[in-house]
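Here's a quick briefing to read with the model open in your viewer. Take it topic by topic, and keep the sequence at hand.

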Number of protein chains: 2
Amino acid sequence: MVRPDPSPNDLRPTGASGATGRALDEIDRALLGHLVADARTTNAALAEKVGIAASTCLARVRALRERGVIRGFHADVDPAAVGLPLQAMISVRLQSDARDRLGEFTALVRRLPAVRDVYFVAGADDYLLHVATAGTGALRDLVATLNNHRDVAGTVTSLIFDHVRTAHGV
Amino acid sequence: MVRPDPSPNDLRPTGASGATGRALDEIDRALLGHLVADARTTNAALAEKVGIAASTCLARVRALRERGVIRGFHADVDPAAVGLPLQAMISVRLQSDARDRLGEFTALVRRLPAVRDVYFVAGADDYLLHVATAGTGALRDLVATLNNHRDVAGTVTSLIFDHVRTAHGV
DNA sequence: AATGAAATTGGCGATAC
DNA sequence: GTATCGCCAATTTCATT
């Protein structure tokens with residue numbers, strides 16, 4: 001099957017060790033662990049936590065960014081606190097003749113503000129969309145928008161009672 | 001400029017959320033948008049982008065954190081780059097008599113290092129687990145672990161070809 | 001609550017070990 | 001790779017409005 005969005009963030013082929021280019025040593029993994037837990041840790045504090053010099057720490061973190069190991073730093077905002085208390089997972093099955101227009105549908109869902117995660121999956125469904133909406137009305141409109149798309153064969157919506165992102169370790 | 005990522009199909013309400021404390025004004029939403037896009041934006045740059053003084057900006061961001069609107073700042077690490085190239089979504093259905101032990105199962109899956117997201121859902125399934133593993137062997141072991149749990153009635157695993165987290169706006 | 005000025009701290013290049 | 005120095009920029013406190 002064709003990939004919907006060839007980008008620098010694509011999954012990469014890896015060996016048994018799973019490294020991209022050079023392997024990560026224990027210090028790199030410690031740095032990643034601390035930055036996953038708190039992206040705003042200062043360089044000085046980070047260096048002390050992992051036991052290296054500040055200048056070395058800065059160089060390592062920059063290298064991890066340039067190698068694509070660290071893709072970015074993001075604030076985690078509570079959807080309910082910004083007026084989007086109703087979350088759902090929408091599984092989307094495409095028409096069988098739409099498999100050569102995957103990029104089009106991907107571009108569409110990425111532009112929908114309610115969509116937080118797009119999982120392109122193998123199996124009975126083609127996409128799983130994690131969405132956050134203002135309420136049942138907004139969710140219904142969103143589902144209708146998806147179902148009205150010419151490439152969509154069907155959707156199944158499951159409400160999300162709770163969502164935990166486990167940021168433990170790397 | 002005010003909104004970092006304006007979108008036409010906005011499903012959100014313009015006003016309050018009512019869920020957590022006071023409502024957010026446009027400046028707060030602009031701050032959140034910029035911090036979601038880049039959590040390491042400096043306070044000085046952030047203040048300039050939204051058109052307020054640096055000290056005011058600092059106070060607002062701190063307030064957003066204390067009110068729980070901002071839950072944290074996290075580095076986004078490429079799973080494939082740290083040796084976990086195989087991602088999957090595992091839907092889990094619990095035994096019907098396990099509904100009073102939900103906390104126990106939740107605690108279990110939160111401790112599994114492969115698990116990145118736990119979605120507790122309504123519908124045919126009870127949980128959706130987004131996992132990242134080293135390979136087919138590790139994934140098989142993980143699924144076996146889940147299936148062997150006394151509260152698990154069954155699982156369905158779908159491989160994830162690609163995952164995009166759309167960090168646009170709040 | 002928002003601001004500007006002042007004091008503290010950290011980022012980061014250059015140099016040397 | 002690490003340690004020291006030094007400059008500049010950023011964070012943060014505080015008095016004022």
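Contact here means heavy atoms within 4.5 Å. With that in mind, Ile27(A), Asp28(A), Leu31(A), Leu32(A) and Leu35(A) in H1(A) meet Cys57(A), Arg60(A), Val61(A) and Leu64(A) in H3(A). Bear in mind that this is a predicted model.

**Chain A overall**

- Chain A has five helices and five strands, and going along the sequence they come in the order α-α-α-β-β-α-β-β-α-β.
- Chain A runs to 170 residues, and 48% of them count as buried.
- If you take the contacts in chain A between residues at least 6 apart in sequence, 66% of them link residues at least 24 apart.
- Chain A splits into two domains, with domain 1 covering 8–66 and domain 2 covering 79–160.
- Between the C-alpha centres of domain 1 and domain 2 of chain A there's a gap of 33 Å.

**H1 and H3 in chain A**

- Helix H1 of chain A spans residues 26–37 and helix H3 of chain A spans residues 54–66; their axes cross at roughly 80° and come within 11 Å.
- Angles of 65 to 115 degrees count as roughly perpendicular, so H1(A) is roughly perpendicular to H3(A).
- What sort of residues make up the contact of H1(A) with H3(A)? Seven are nonpolar, two are charged and no polar ones take part.

**H1 and H2 in chain B**

- Over in chain B, the pair to look at is helix H1 (residues 26–37) and helix H2 (residues 43–50), which pack at an angle of about 130° with axes 10 Å apart.
- That angle makes H1(B) and H2(B) oblique to each other, and H1(B) passes H2(B) in a right-handed crossing.
- From H1(B), the residues involved are Ile27(B), Ala30(B), Leu31(B), His34(B) and Leu35(B), and they meet Leu46(B), Lys49(B) and Val50(B) of H2(B).
- Sorted by type, the residues of this H1(B)–H2(B) contact come out as six nonpolar, one polar and one charged.

**A loop residue in chain A**

- Ala134(A) sits in the loop between strand E4 (127–133) and helix H5 (136–147) of chain A.
- Is Ala134(A) buried, partly exposed or exposed? Its relative accessibility is 28%, so Ala134(A) counts as partly exposed.
- Leu86(A) is 48 residues away from Ala134(A) along the chain, yet their C-alpha atoms are separated by 6.1 Å.

**Two buried residues in chain B**

- Ala80(B) is found in the loop between strand E1 (70–77) and E2 of chain B.
- With a relative accessible area of 0%, Ala80(B) is buried.
- Ala80(B) and Ala134(B) lie 54 residues apart in sequence, with 8.4 Å from C-alpha to C-alpha.
- Ser91(B) belongs to strand E2 (residues 86–94) of chain B.
- Ser91(B) also counts as buried, because its relative accessibility is 9% and the cut-off for buried is under 20%.
- Which residues does Ser91(B) touch, leaving aside those up to four places away in sequence? They are Asp125(B), Tyr127(B), Leu128(B), Gly154(B), Thr155(B) and Val156(B).

Conventions: Residues are numbered from 1 along each chain as its sequence is written. Chains are lettered from A and ligands numbered from 1 in the order in which they are written. This is a predicted model: local features need pLDDT of at least 70, side-chain atom pairs count only at pLDDT 80 or more; totals for chains, interfaces and linings use all residues. Side-chain values use heavy atoms; hydrogens and water are left out. Axes are lines fitted to C-alpha atoms, for helices over the stretch in contact, and angles run from 0 to 180 degrees between N-to-C directions. Helices (H or I, at least four residues) and strands (E, at least two) are DSSP runs, numbered from the N terminus. Angles under 35 degrees count as roughly parallel, over 145 as roughly antiparallel, 65 to 115 as roughly perpendicular and the rest as oblique. A crossing is left-handed if the near helix is turned anticlockwise from the far one by less than a right angle, and right-handed if clockwise. Ala, Val, Leu, Ile, Met, Phe, Trp, Tyr, Cys and Pro count as nonpolar, Asp, Glu, Lys and Arg as charged, and the others, Gly among them, as polar. Buried means under 20% relative accessible area, exposed over 50%, partly exposed in between (1.4 Å probe, protein chains only). Domain bounds come from an automatic or database domain assignment.
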